[in-house]
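Trainee: Could we go through this model together, one question at a time? I would like to see how each answer is reached.

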Amino acid sequence: MTFWYGLLLVVLLTACGKEPLYQEQGYVFGTLVEVTVYGEAEPRAKQAVASVMQEFQRLHERLHAWKPSELSDLNAAIARGESQIVSQELAAMLQDAALVSKQSAGLFNPAIGNLVRVWGFHADEFKPVEPDAKQIAQLIASQPKMSDLSYAPSGSGFTVRSTNRAVQLDLGGYAKGYALDRAALLLTQQGVHHALINIGGNILALGQHGKQPWRVGIQHPRKAGALAALTLHDGEAIGTSGDYQRYFMLNGVRYCHLIDPRTGFPMQGVQAVTILTRGPHAGVLSDAASKPVFISGVKDWRAASERMGLMDVMIVDAAGGIHLTRSMHKRLEFTDKKINVQVE
């Protein structure tokens, strides 16, 4: 699936004898997902986690960008210049994603699915081929954006229409976070108040791990193992966007799936961005807000973070240099104690 990429963060759990810890993994959204529940009897925890896994599968099938799904049906209708009736859920997601896109000054732009496609990232395996420059220029000139969509109530759903037939929706930078928030809601509705939900690159914490907060490690973008670790408190989420999971190499150049909508080319000059979020929509924000920061690059990441309302941000530049906000610096424990960091 186009928008789910590898396990960018790792959960750090220590065994404490016979602690009531239930953990289940699955492969959904094209990546490894993991749900850990603390403090519940196994039958209860197992039932709650099963409902989460079923929800992940439902979203996977609804939001696939190029295989048959509700989203791909909408994309096909837009390409034909036709309207399409969609569910209230999908309409709400698209409208919310449009607000995030506006806040990011268009750097988060789920309407550029055609660019994602021509770069070969609508596939399970990526071929090292650079698209024709004229094709990219044409797609940029068409200026697809989320504000091209309009919505009208229609029965139990909405009729969606686009004024721009070049719009092709890819919720790759949004749906993981949405799934995190949905999982947290499902767990709390079933009385589970201590859990860690991990969807390859995004983690959301509920409660804590016994008497201690949950602890996670941030994957090093160029080496095996963790770059740093931190504790996650109740309701906090952390998300990483990196150039090291969905990418291909061509003539010694790394092309990743994170495409700058201004140029039509994969962003370079950044290895990874990690952000820490909190609040009722911490999951969505952990996913969507990291993309415009990544695309802004080393020069403008701070301004992009402020636009997105982010206080806790770390960026790893092309040379491996680490830049981070003061509040993020206070939260992190780096694996290499001698590492040089630039607090900005």
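Mentor: Seven of the ten residues of helix H2 (residues 70-79) are buried, so H2 is largely enclosed by the rest of the structure. Buried means under 20% relative accessible area, exposed over 50%, and partly exposed in between, with a 1.4 Å probe and protein chains only. Helices (H or I, at least four residues) and strands (E, at least two) are DSSP runs numbered from the N terminus.

Trainee: What should I know about the model and its numbering?

Mentor: This is a predicted model, where local features need pLDDT of at least 70, side-chain atom pairs count only at pLDDT 80 or more, and totals for chains, interfaces and linings use all residues. Residues are numbered from 1 along each chain as its sequence is written, and side-chain values use heavy atoms, with hydrogens and water left out.

Trainee: Which elements do the buried residues of H2 pack against?

Mentor: The buried residues of H2 are Glu 70, Leu 71, Ser 72, Leu 74, Asn 75, Ala 77 and Ile 78. Contact means heavy atoms within 4.5 Å. On that basis, the buried residues of H2 pack against H1, strand E4 (84-87), H3, strand E5 (149-154) and strand E6 (157-162).

Trainee: Is Leu 71 buried or exposed?

Mentor: Leu 71 is found in helix H2. Leaving aside neighbours within four places in sequence, Leu 71 is in contact with Arg 62, Leu 63, His 64, Ala 65, Leu 90, Leu 169 and Leu 171. With a relative accessibility of 0%, Leu 71 counts as buried.

Trainee: Which residues of H3 does H1 meet?

Mentor: On the H1 side, the residues are Arg 58, Leu 59, Arg 62 and Leu 63. They meet Glu 89, Leu 90 and Met 93 in H3.

Trainee: Where does Gly 81 lie, and which residues is Gly 81 in contact with?

Mentor: Gly 81 lies in the loop between H2 and E4, and is partly exposed, with a relative accessible area of 39%. Setting aside neighbours within four places in sequence, the contacts of Gly 81 are Arg 161 and Arg 165.

Trainee: What is the phi of Asn 251?

Mentor: Asn 251 sits in the loop between strand E12 (247-250) and strand E13 (253-256), and is exposed, with a relative accessible area of 75%. Most residues other than glycine have a negative phi. Asn 251 has a positive value, near 55°.

Trainee: And what is the phi of Gln 143?

Mentor: Gln 143 lies in the loop between helix H5 (133-141) and E5. At 53% relative accessibility, Gln 143 counts as exposed. Although Gln 143 is not a glycine, its phi is positive, about 50°.

Trainee: To finish, what radius of gyration does the protein chain have?

Mentor: The radius of gyration is taken over C-alpha atoms, and the globule rule is 2.2 Å times the number of residues to the power 0.38. For 344 residues, a compact globule would have a value near 20 Å, which agrees with that of the protein chain, 20 Å.
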